Amino acid sequence: MDQVGVPANELLAELDRRRATEPDVHGARLFGLVYPTGRDDVEDLVLEVQRRYLFHNALNPFKFPEIAALEREVVTMTSDLLNLSGDGGGSMTSGGTESILMSMLVNRERARARGIERPQILAPHSAHPAYAKAAHYFGMEHVQVPIDADWRADVAAAAKLIGPSTAVVVASAFTYPHGVMDPVADLAALAAEHGAGCHVDACIGGFVLPFLERLGHDVPPWDFRVDGVTEISADVHKYGYVPKGASVVLHRDADWSQHQVFLYDQWPAGIYGSPAIGGARPAAPIAVAWAVMRYLGVDGYTEMMRGVMETASRVRAAVESIPEVEIVSAPIGPVLCMHSESIDLYAVADVMDAKGWNLNRNVEPRGVHLMLSPAHANVVDELIADLIDAVAHHGTAKDGQARYS
Ligand SMILES: *Cc1c(COP(=O)(O)O)cnc(C)c1O
């Protein structure tokens, strides 16, 4: 640390310099890591709410009962969106990973109550790494379900793998790598038949699919309306348009929801309890999630999703017009990935990087991955033109290694 403190203006200037070397989060040239709305009114609200709650701590609901109430209201709004009836439960967490961890912990406890010593997580090959992480953290076994030719979980393969030690079957609605829906109803039925839980990973889809449904898109059943679905994770810090640090985990069963809570009183400072991994928790993501959800409302989110899907259709049509490139499978929402049998899309992505885009690379199948946000509507023509140009004029890929996001 500096011996003598540095003046604020120097620090801000240094941060500005350092930040300028990295992608601009407002520039709409990043995909998946940030979800720019391109809307000043939403950003102004975020800033105002952040300012009010920046130093609060959501740890103690007795000291800050209103923050606890805001969290409950976010959970209730999300429950309504995902058709969870009044008797369920859940909490906010710091992100999709923590939501998944808490669900896997509850599923482990549920399996242990049935006498299973080393409970298994049955998760599709396309499921997020957070399930493997949960298995690693919680002493569970992570069993991968193969995916089919459409990149969806193979239900017949899952049926062969499920057994007495299965604690939970995972289904993504929809998947990060290919943007496709796993067969949720079939996987949930399989889980129920074996007395296992079924976690639907709607980290992306939770704030996409309800609005696609309202826009009249064909959305297969995936939420709490599906029998056998026991938990759902939905990230507010993705298509909920809230800055990082906001996700929701929901349990169909309020009693099991309580198993998320850790209580302890064997220390000198009295009873201590927390609903998730964090102890001290920032209150700003809770308050901002509450505010953005109420500000946009169902209609606001639906209109924003209409725009995102228009952008997605335009990109899709452009890709389909390039003979060398195809869209992988049948993505339901704003995640598109591309594959080519004849050209190396990593080399195309390198050209796109040089043009200032930040396309993600997929490994299976080798190609590029695009996650579209509302702000991409402002750059879609340039994106398409650059992509067509990059396909036409590319060299060899400089980096064979795919990078996650
Ligand atoms: C982003 C994501 C997660 C994990 O969420 P984090 O907020 O990054 O921890 C889990 N599942 C899917 C499908 C995701 O896209």
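**Pocket linings and a buried serine**

Q: What makes up the lining of the largest pocket, and which helices and strands each supply at least two residues?
A: Helix 3 (65–81), strand 1 (89–93), helix 9 (254–257) and strand 9 (272–274) each supply at least two residues of that lining, helices being DSSP runs of H or I with at least four residues and strands runs of E with at least two. This is a predicted model, in which local features need pLDDT of at least 70 and side-chain atom pairs count only at pLDDT 80 or more, while totals for chains, interfaces and linings use all residues. Residues are numbered from 1 along each chain as its sequence is written, and side-chain values use heavy atoms, without hydrogens and water.

Q: Which element gives the largest share of this lining?
A: Helix 3 does, with eight residues; the lining has 32 residues in total, among which Pro61, Glu71, Arg72, Val261 and Pro275 lie nearest the centre of the pocket.

Q: Why is the second largest pocket said to lie between domain 1 and domain 2?
A: Domain 1 (23–38 + 298–392) and domain 2 (46–293) both give residues to its lining, so the pocket lies between them, with the domain bounds taken from an automatic or database assignment. Helix 2 (residues 40–53) gives the most to this lining, five residues.

Q: Why does serine 373 count as buried?
A: Its relative accessibility is 1%, and buried means under 20% (1.4 Å probe, protein chains only), so serine 373 counts as buried.

Q: Where is serine 373 found, and with which residues is it in contact?
A: Serine 373 is in the loop between strand 13 (367–371) and helix 12 (380–392). Leaving aside neighbours within four places in sequence, serine 373 is in contact (heavy atoms within 4.5 Å) with Val34, Tyr35, Pro36 and Val308.

Technical notes. Buried means under 20% relative accessible area, exposed over 50%, partly exposed in between (1.4 Å probe, protein chains only). On a 1 Å grid over the protein atoms alone, a cavity is a set of points where a 1.4 Å probe fits but cannot get out, and a pocket is an open set with protein on both sides within 12 Å along at least five of seven lines; lining residues have an atom within 4 Å of a point.
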